[in-house]
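Here's a quick walk through a model, for anyone who likes to know the cut-offs behind the words. Have a look at it first.

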2 protein chains.
Amino acid sequence: MPGTSILEAAWMAGIRLSSACGGKETCSRCRVVILDGDTSPVKANELKALDEKDLNRGYRLACCTYALSNLNFEIPEKSLAGDVRLQLDGLTETSALDPSVESFEIQVQPPTLEDPRADIDRVIGWLNQKKPGALYPDLGAARQLSSAILRNNRVFTAYIRSREIIGFAPQGSPPLGVAIDLGTTKIAAWLMDLVTGKELGALGELNPQVQYGDDVMTRLRYAINGSGTGGGGKLTGSVRDIIREMISRLVEGAGRALGEIADICIVGNTAMTHLLLDLPVRQLGFSPYVPSVARSLDIKARELALDVSPGACVHLLPGIGGFVGADHVAMILAAGIDLTERITIGLDIGTNTEIVIKRPDKDLMMSTSCPSGPAFEGGHVTDGIRAVKGAIETVRLTRDSVEYRTIGDAPAIGLCGSGIIDAVAELYKWGLINERGRFKRCERRVLTKESGTEFTVAEGKDGKGRVVITQKDIDHIQLAKGAIRAGIAALMEKTETAPEMVEEVVLAGAFGSYINIANAVEMGLLPWFANARYRQAGNAAGLGARMALLSRKERIRAQQIADRTGYLELTTRKSFKRLFAEGMMFSKKV
Amino acid sequence: MPGTSILEAAWMAGIRLSSACGGKETCSRCRVVILDGDTSPVKANELKALDEKDLNRGYRLACCTYALSNLNFEIPEKSLAGDVRLQLDGLTETSALDPSVESFEIQVQPPTLEDPRADIDRVIGWLNQKKPGALYPDLGAARQLSSAILRNNRVFTAYIRSREIIGFAPQGSPPLGVAIDLGTTKIAAWLMDLVTGKELGALGELNPQVQYGDDVMTRLRYAINGSGTGGGGKLTGSVRDIIREMISRLVEGAGRALGEIADICIVGNTAMTHLLLDLPVRQLGFSPYVPSVARSLDIKARELALDVSPGACVHLLPGIGGFVGADHVAMILAAGIDLTERITIGLDIGTNTEIVIKRPDKDLMMSTSCPSGPAFEGGHVTDGIRAVKGAIETVRLTRDSVEYRTIGDAPAIGLCGSGIIDAVAELYKWGLINERGRFKRCERRVLTKESGTEFTVAEGKDGKGRVVITQKDIDHIQLAKGAIRAGIAALMEKTETAPEMVEEVVLAGAFGSYINIANAVEMGLLPWFANARYRQAGNAAGLGARMALLSRKERIRAQQIADRTGYLELTTRKSFKRLFAEGMMFSKKV
């Protein structure tokens, strides 16, 4: 396939080969091992990224390599972006059921010469016995009606949203809903019964847009540069495809039908929702990072190529501003930060980290977003991986050894976010790195190699499975934590909140829920608030999506949150650089 | 092209070869002349339809003929369904302007770090100065916004429908609207300025569905039998294509842009609107002829594949019942039959004829539909043609000769509807046919041939251009007029209206506007109402569409007409057969 790199070919074939730079030869994530066949010569960027040993073992960067014959190659597990452990659960509170879709069991009489009313008038006539007032059909529902009448022998279920008849289903089909947390890296979806409020299934998948870049900015650039050649279209299409597939699998798993899905609620950051809706993103990709639309939207699911009840809508929760999107609103909603009487800081740490501060004493909420990067999800870290089987998730140092636990108790293949936090915290506690994050070379366990200084977390066996943390990794982690700490500090500065005033810290998201909070404070990812209690809220954004799916009142509350919450653009703060530099330090100082 | 008849091949090539039966070998309308090449053998149905002379001259039925080599063939003008004179004008009254779309000139400030609001919030902020209250964007409009801002240097026009922002256009673009009268045979479209109410252009086209059958029932059968093989899809696609094309030509002719079209209003009979919307028609094709939807609908134009302002809607006026659709409501609206204090009968004579009776003294309106067939539009009549150039439109007999006038003063090629009325009326006046419609063979001018009895209207020259009326033609005309008279009589019977009570007769539609009313009464197409005045209302359905396009109040009035008007199913009347038989008679008796 001349002109097509192995990376592109793999993507086209649906293989989720990892890439943080979107194929720009800079991230070195797409390593493959060529087993057999002729390839294009090794490029300069590969020589930088791969050491001699790797090259001798056949390692190449898939983005730099072109097949000159039929090829056999192996994709190491680390290069594969798949099968990630997702945080599907959130808080367990549920609000009162008040779904936007009602269902009615209908029995219509056959038309006769004496009663030749239109099919839809026959249905509305029946419905008006139970729900008086004007009703009207969605066009798709109207198309479905005649066969619904015929197939079900004139006894069937109608779904109504407000005053619109949106679809029909066989007798006794309570309407279903799907809630989706559309993350930059992960997508979580829940199938819910809109009548009982019960969860009928849950699924997690990697966001296939990861192919086009790990972080939001890389994807936006891909979409902007690719406009005309379908850059945005690919990002839009791939995420719609996976959502459609997830909905199908959920419905199949529950033994139900797609036509019974009468409502969908989606949350995501601004870039994710823009790409899903195919909204323009050019203005979002450059300062001052302006969304096209930030308010809530109701869109017919068919306009997003989703195959559900014909007139069903997708409800997108509102966002706040910049990249602070609907997922953040959903997090505030689910964690109840808008309702609390405590001075609260809420964080959802991810590739982008959103932070909110609530000052009930000032009747104030303010949010910001920091580009913390994928370091805590395994990106830009030598042996960093996502939370897959074999990932080291906890680390403890003793005087002489390293104790660790891996996901699934499998042989170690790398470090996931919580493992990285633990490892760095332990290195700092044991004095192997200093406050500025520099390895102390004099320490016995710190190895100095040609490639740099490093610490071995797992030795591995037979030259395989060795897991290290390098000075470069620490640098990346410092950048990430610096951004997050700068965000927290800027919000506190802006709202005149002193550390001792903070009463509660809510940590949402998979990462925030799995980390050892003491270690996160120890290595300075989180500030030390003397009077605060810490709460790990799980996937609060996902829970917020389910709450809004099940209740119109929660949708109104979400809109109120969006309206009430101020947006702080971090990069405009004069103090940002100072706060960022301070935030990079390894210390408990706020 | 084996397996494909010349008729089908012509249709595929976009040639509008005439067919009343939809290719079922029964109507004999699709005559072609084979000039050169090998064809399949002559079929039995062709031997019935064509006489020896025709066969010797190379005539074949295109539906029966398959090419066995490259073919050269000629399509006689009579077999071509094209370039028809349409009735585009209606009454000239216009109601107060109250369009459903408003426009606002907008000037937004560029986003800054201090004001990073979403683009749409910037627009809504500006709009709220002039139009307070909640506004929200259509998804298509939201997609259009960023480029609208960039291209127009932040000064542009917004179109708003109720509270929805539906699209953007360059500065100073008043919104346009399109009104469409979607007839079984003809489609008329008007481009209107929604701010001034002025007409910017008008166009008439044949309904391309004519390819699949002249009358509504043939097309419905085609759609029903073709489901799964795209029967309905072809009918739906072809009419959407021509509407899209007509809108393009209108906009181009007016020097405007498609994106400025912010509203569309469509009227048509029930079958036409169902096929346009791709609604199910199976239940409409069989007794009791039940529509899927009869009420008014607002549908995004993009759902009908029409390329206009992104969030613009198509408004379909409501219908009454059975085949009595939105065009009839529009006719009542434009002719003011709902408002009149006179006892009134309104007729729109076409392939389907709709009739309404208004009894203001009883606060009653009632409508019916009769399948009058295409005889008055030239169908099922030997030399019947549509109102094209060369069609005989008036006929007068003297003792020794026939005087006639053709459209465009061209050599006669056939008889159009008004010519047929005149000819039959004159034949009856001069006693050449009797009350039962039989030619008097004893009359000198009545020729008796092997093929039947006939009268020569035009002699033609050199064996070409001879135009006749045969006994069979009279039979067809009798069936058509019988149906119409039965409809009128049934309505009068049901509403207990005596002939002398009728104060006004409104004739709408092209045919009703061009005919000589005295002759129509003479030959008994219309009853003789001693105390009635006759009003020829032109294309009242089209005018009604324009009125509803320009005014929301007229849309409400249309809904009131649909709600108030009873529907009479003709075929259920016990008296129908008797009324039909009586109506076939040539006499003035009511």
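## How the two chains relate

By what turn and shift can chain B be laid on chain A? A turn of 180 degrees and a shift of 0.1 Å along the axis do it, with an RMSD of 0.2 Å (a least-squares superposition on C-alpha atoms of residues with pLDDT of at least 70 in both copies). That's the relation of a two-fold axis. In chain B, Glu303(B) has the C-alpha nearest the axis, 4.7 Å from it.

This is a predicted model, so local features need pLDDT of at least 70 and side-chain atom pairs count only at pLDDT 80 or more, while totals for chains, interfaces and linings use all residues. Residues are numbered from 1 along each chain as its sequence is written, with chains lettered from A and ligands numbered from 1 in the order written.

Leaving out residues up to four places away in sequence, Ala330(A) touches residues including Val267(A), Leu317(A) and Ala558(A) (contact: C-beta atoms, placed from the backbone, within 7 Å).

Val239(B) sits in helix α7 of chain B, residues 231–253 (a DSSP run of H or I, at least four residues). Val239(B) counts as buried because it has 20 C-beta neighbours inside 10 Å (20 or more is the cut-off).

Beyond four places in sequence, Val239(B) contacts Asn207(B), Pro208(B), Gln209(B), Leu275(B) and Leu276(B). Leu276(B) is 37 residues from Val239(B) in sequence, yet their C-alphas are 6.6 Å apart.

Technical notes:
Contact = placed C-beta atoms within 7 Å. Helix = DSSP H or I, 4+ residues; strand = E, 2+ residues; numbered from the N terminus. Buried ≥ 20, exposed ≤ 12 C-beta atoms within 10 Å, placed from the backbone.
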